[in-house]
Amino acid sequence: MAKVFVTDHPLIQHKLTLLRKKNTSSMDFRQLVKEISTLMGYEVTRDFETKEIEIETPMEKTMGVVISGKKVGIVPVLRAGLGMVDGLLSLIPGARVGHIGLYRDPETLLPVEYYCKMPKDIAERQMILLDPMLATGGSLSAAAQFLKDRGATTIKALCILAAPEGIEVFHKEHPDIDLYVASIDRCLNDHAYILPGLGDAGDRLFGTK
């Protein structure tokens, strides 16, 4: 069964508090999302396979450790997931980046796909889904299914905030995908916004409504 990992590092929690504040500017919001994503990336990659190799330092030969497992694919859910990409790429610069375009229908609250482009070798990669907010769980669940339908076999999901309702839906749909979050918030309101949350991540990232 999939697990939920809450990354409660003091630096992440400090930056998350600044991210939540309503008077944080779009410029600062983007920087904080990038920094939080980078810090959370250490946890997402903690179980990557490694192997020892022999190297030569300026002083002598020695054994070192390098990553030996699957190549990585990063997939932001548009548009808010774009804010997390650079944070992950700073850790894994060789990762390929796919994109999934979804929006939530304001009447049905269901996800609607409008774009999807993935690496050709998706089946050979550790795929990491990026979306700052896991609210109802519909969008992230749909995105994960798009990856599976296109051949992905190993997937993790990285969100900054999650509502309990969204976690339940996501793991009901995808009991094989581990979820990494910085906070599990209280609940959703009547309009499916996370409480206490941080508002609409996409609007705050890009300064649009």
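Val-33, Lys-34, Ser-37, Thr-38 and Gly-41 of helix H2 are in contact (heavy atoms within 4.5 Å) with Gly-83, Met-84, Asp-86, Gly-87 and Leu-88 of helix H3. The residues of this contact comprise 3 nonpolar, 5 polar and 2 charged; here Ala, Val, Leu, Ile, Met, Phe, Trp, Tyr, Cys and Pro count as nonpolar, Asp, Glu, Lys and Arg as charged, and the others, Gly among them, as polar.

This is a predicted model: local features need pLDDT of at least 70 and side-chain atom pairs pLDDT 80 or more, while totals for chains, interfaces and linings use all residues. Residues are numbered from 1 along each chain as its sequence is written, and side-chain values use heavy atoms, with hydrogens and water left out.

H2 covers residues 26-44 and H3 residues 82-89; the angle between them is about 50°, and their axes are 7 Å apart. The two helices are therefore oblique to each other (under 35 degrees is roughly parallel, over 145 roughly antiparallel, 65 to 115 roughly perpendicular, the rest oblique).

The structure has 0 disulfides, a disulfide being a pair of cysteine sulfur atoms within 2.5 Å.

| Cysteine | Closest cysteine sulfur | Distance between sulfurs |
|---|---|---|
| Cys-116 | Cys-159 | 17 Å, too far for a bond |
| Cys-159 | Cys-116 | 17 Å, too far for a bond |

Cys-159 is buried, at 0% relative accessible area, whereas Glu-113 is partly exposed at 37% (buried is under 20%, exposed over 50%, partly exposed in between, with a 1.4 Å probe and protein chains only).

Glu-113 lies in strand E7, residues 111-117. Beyond its neighbours within four places in sequence, Glu-113 contacts Gly-101, Leu-102, Phe-146 and Arg-150. Its C-alpha atom is 9.1 Å from that of Ser-139, 26 residues apart along the chain.

Notes
Axes fitted to C-alpha atoms, helices over the stretch in contact; angles between N-to-C directions. Helix = DSSP H or I, 4+ residues; strand = E, 2+ residues; numbered from the N terminus.
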